[in-house]
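The structure is shown first, and the points follow by topic.

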Amino acid sequence: MLTQDDMKRKAAWTALDYIPRHTIVGVGTGSTVNHFIDALASIKEDIEGAVSSSEQSTERLKALGIPVLDLNSIDSFAVYVDGADEINPDRHMIKGGGAALTREKIVAAVAETFICIVDESKEVPVLGHFPLPVEVIPMASSYVARELNKIGGRAVLRQGVVTDNGNQILDVHDLEIQHPIQLEAQINNIVGVVTNGIFAARAADIVLVGSQQGTKVYK
Ligand SMILES: O=C(CO)[C@H](O)[C@H](O)COP(=O)(O)O
């Protein structure tokens with residue numbers, strides 16, 4: 001019987017098969033990605049370096065001897081690898097459980113291919129059971145919370161968390177996200193929102209799911 005962490009590790013190591021050699025690799029954030037960074041270190045001589053989505057991942061990449069490059073110095077790169085809190089059959093995701101959603105969305109936007117690595121507990125038919133993270137400018141947090149409540153959610157400020165960008169996170173409970181692309185745009189349109197954790201306009205291209213039966217691949 002594999003643990004959840006074993007399944008995360010399986011998905012993460014499978015992602016190595018999708019990394020073109022002699023290129024820059026985009027790296028997400030979280031416990032699944034930490035396994036991927038460990039895997040990436042095993043081929044570090046064969047890649048040019050990484051673009052990182054958080055201070056946490058930057059620290060781990062550097063500790064393992066993988067150079068971290070400035071995204072502004074790069075026009076595009078082949079592959080971005082990241083985890084998710086939920087993923088649906090359309091490969092839309094909720095992300096941001098680790099509060100890194102904004103930088104994750106930026107790095108994903110520059111990548112040609114988004115590879116999502118998850119364990120099987122993250123697969124859901126409809127997004128929204130996991131509270132939706134929304135990064136907000138601190139002075140707007142009460143206003144944004146009221147606006148989120150108007151669209152049917154219950155926004156709760158994540159206590160004691162400041163993002164890498166100096167902002168706050170509202171976690172929105174009780175949403176059943178039937179139309180992720182529309183809701184992503186609607187929430188991003190609220191003044192004071194930096195971005196929200198629905199990744200649907202830019203869905204994953206490849207999903208690697210670590211399961212009891214091995215790693216499942218969806219394209
Ligand atoms: O979006 C994220 C961080 O902002 C992570 O990808 C997400 O929270 C999944 O984390 P884990 O791999 O630890 O389950």
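A crossing of two helices counts as right-handed if the near helix is turned clockwise from the far one by less than a right angle, and as left-handed if it is turned anticlockwise. In that sense, helix H1 passes helix H2 in a right-handed crossing. The model discussed here is a predicted one. Its chain is assigned two domains, domain 1 (4–124 + 201–218) and domain 2 (132–196).

**Packing of H1 and H2**

- Helix H1 (residues 4–14) and helix H2 have axes that come within 8 Å and cross at roughly 45°.
- Angles under 35 degrees count as roughly parallel and those from 65 to 115 as roughly perpendicular, so H1 is oblique to H2.
- On the H1 side, the contact is made by Lys-8, Arg-9, Ala-11, Ala-12 and Trp-13.
- On the H2 side, the partners are Ser-31, Thr-32, His-35, Phe-36 and Ala-39.
- The contact of H1 with H2 comprises five nonpolar, three polar and two charged residues.

**Packing of H2 and H3**

- H2 also packs with helix H3 (residues 55–63), at an angle of about 25° and with the two axes 10 Å apart.
- Because angles under 35 degrees count as roughly parallel, H2 is classed as roughly parallel to H3.
- The crossing of H2 and H3 is right-handed.
- Val-33, Asn-34 and Ile-37 are the H2 residues of this contact, and they meet Ser-57, Arg-60 and Leu-61 in H3.
- By class, three residues of the contact of H2 with H3 are nonpolar, two are polar and one is charged.

**Shell around the ligand**

- There are 17 residues around the ligand, of which Gly-30, Thr-32, Gly-83, Gly-97 and Gly-98 come nearest.
- Helices H2 (31–41) and H4 are the elements that give two or more residues to this shell.
- Thr-32 is one of the residues that come nearest to the ligand, and Thr-32 is also among the H2 residues in contact with H1.
- The shell is made up of nine polar, four nonpolar and four charged residues.

**Contact between the domains**

- The C-alpha centres of domain 1 and domain 2 are 24 Å apart.
- Where the domains meet, 13 residues of domain 1 are in contact with 13 residues of domain 2.
- Helix H4 (residues 101–110) supplies four residues, the largest share of the side of domain 1 that touches domain 2.
- That side of domain 1 consists of five nonpolar, five polar and three charged residues.

Conventions. Residues are numbered from 1 along each chain as its sequence is written. This is a predicted model: local features need pLDDT of at least 70, side-chain atom pairs count only at pLDDT 80 or more; totals for chains, interfaces and linings use all residues. Domain bounds come from an automatic or database domain assignment. Two residues are in contact if their C-beta atoms, placed from the backbone, lie within 7 Å. Ala, Val, Leu, Ile, Met, Phe, Trp, Tyr, Cys and Pro count as nonpolar, Asp, Glu, Lys and Arg as charged, and the others, Gly among them, as polar. A residue is near a molecule or strand if its C-beta atom, placed from the backbone, lies within 6 Å of it. Axes are lines fitted to C-alpha atoms, for helices over the stretch in contact, and angles run from 0 to 180 degrees between N-to-C directions. Angles under 35 degrees count as roughly parallel, over 145 as roughly antiparallel, 65 to 115 as roughly perpendicular and the rest as oblique.
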